[in-house]
Amino acid sequence: MMINRLKAALGAVAVGLLAGTSLAHAQNADEDLIKKGEYVARLGDCVACHTSLNGQKYAGGLSIKTPIGTIYSTNITPDPTYGIGTYTFKEFDEAVRHGVRKDGATLYPAMPYPSFARMTQDDMKALYAYFMHGVQPIAQKNHPTDISWPMSMRWPLSIWRSVFAPAPKDFTPAPGTDAEIARGEYLVTGPGHCGACHTPRGFGMQEKALDASGGPDFLGGGGVIDNWIAPSLRNDPVLGLGRWSDEDLFLFLKSGRTDHSAAFGGMADVVGWSTQYFTDADLHAMVKYIKSLPPVPPARGDYSYDASTAQMLDSNNFSGNAGAKTYVEQCAICHRNDGGGVARMFPPLAGNPVVVSDNPTSVAHIVVDGGVLPPTNWAPSAVAMPDYKNILSDQQIADVVNFIRSAWGNRAPANTTAADIQKLRLDHTPLPTPGWANATEESATWGLFMPQPYGAGWTFAPQTHAGVDEAQ
């Protein structure tokens with residue numbers, strides 16, 4: 001009898017131990033899934049868009065300008081009233097990959113669900129676990145859109161989605177694709193949604209290409225985002241990354257700065273809030289994929305440095321060039337007479353793809369309002385460019401912008417006017433570009449409505465955190 005009781009007790013202990021072990025394994029599995037989801041959220045840079053300036057993490061409210069008005073990012077914390085706390089996994093997946101929110105309405109494509117459509121189910125399950133169990137719920141109301149009727153009607157968005165958004169499907173690389181390149185393609189075209197900024201948009205605000213099969217448009221350079229230009233990521237030696245090495249691009253994504261470039265504006269947010277947290281393996285995979293893209297015809301040939309600008313500035317003989325005079329007085333101390341800047345602190349202006357882009361808004365904006373090169377874990381110093389809106393006149397700023405864009409062999413259009421600068425300074429209006437509200441031969445019209453461009457000038461423009469908030 002005693003032996004039987006002892007056997008029963010030992011059996012109970014064993015069952016209890018096994019149950020405890022199983023529970024521990026389950027808890028560890030859940031914790032691992034949440035941790036993976038946190039990393040996937042970094043890959044998607046969810047926090048930067050869904051956190052308002054000076055706001056609470058993931059509680060929404062960030063202003064996003066569009067050609068038809070302003071929309072605001074939503075609360076994606078697990079708050080059951082204002083957030084996504086009542087979403088099932090299926091409803092979460094519908095929102096992220098299909099662009100359909102819980103009530104059945106279509107989301108504005110500022111939410112990059114056309115890219116997220118290729119995210120894997122494994123990543124989606126991890127992401128759901130993180131948002132439901134790894135994020136603090138915040139009871140913050142969502143901000144209504146600021147779009148006038150009839151453009152405020154949501155039902156046309158469902159038509160947009162059916163025409164322009166791909167059907168969600170787990171990413172699968174083409175047969176024979178190098179494994180590292182395949183991982184890079186997934187990151188760039190899927191959760192990383194690089195094309196949302198760096199690919200031009202078409203007549204319906206759709207990205208003209210979602211991957212390399214779309215030809216030179218893919219990552220060929222986007223519109224103006226919060227008064228910053230998203231340049232080409234293709235191999236163009238003047239307008240793109242043709243003169244960047246693999247290591248240059250890796251260091252840029254990891255730290256926001258290289259010997260010949262620095263991240264400002266929206267890209268500073270991407271580095272500070274997202275890519276600096278990627279594993280080195282994932283960063284190298286992205287670099288390898290981007291550098292493997294098919295060559296594109298160089299739009300302006302190759303870049304050739306012109307030393308005559310530095311010689312002219314060294315001699316203090318400006319020959320009536322007001323922009324050159326202002327540059328020497330205000331800019332050369334950091335960016336030098338040769339336009340070479342200071343490695344990993346003050347980016348070079350000579351041959352810089354952002355400087356020579358077709359649209360001068362980035363250059364004008366940083367002169368008017370300044371900018372911040374944010375600190376990262378890998379480059380902890382914060383470097384600031386001062387604003388000159390209260391130091392220089394509109395004409396002086398226009399002159400120095402035109403000088404920078406045409407000096408040292410840059411050969412970019414030097415057509416910025418004082419009136420352009422005044423609008424940028426007072427109303428934060430981007431400098432003119434063919435497109436919305438700037439009718440040109442490249443634009444069509446909607447009869448009595450405003451000019452409607454075919455790509456140029458169209459973009460979603462979220463506010464930039466750099467210089468306002470520390471990365472979260």
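His198 is found in helix α8 of this predicted model, where the residue is buried, its relative accessible area being 11%, a value that falls under the 20% cut-off for burial. When neighbours within four places in sequence are set aside, the contacts of His198 comprise Leu219, Gly220, Gly221, Gly222, Ala230, Pro231, Leu233 and Met267.

Leu219, one of these contacts of His198, lies in the loop that runs between α8 (195-198) and β4 (224-225). With a relative accessibility of 0%, Leu219 likewise counts as buried. For Cys194, which is 25 residues away from Leu219 along the chain, the separation between the two C-alpha atoms is 7.4 Å.

Elsewhere in the model, four strands form an open sheet in the order β3-β2-β1-β12, and their pairing is antiparallel. The partner of β12 is strand β1 (residues 63-66), to which β12 is joined by two bridges in an antiparallel arrangement. Within this pair, Ile64 has Pro462 of β12 as its bridge partner.

Methods. Residues numbered from 1 in each chain as written. Predicted model: local features only at pLDDT ≥ 70, side-chain atom pairs only at ≥ 80, totals over all residues. Heavy atoms only, no water. Pairing = 2+ DSSP bridges. Buried < 20%, exposed > 50% of the residue type's maximum accessible area, 1.4 Å probe, protein only. Contact = heavy atoms within 4.5 Å.
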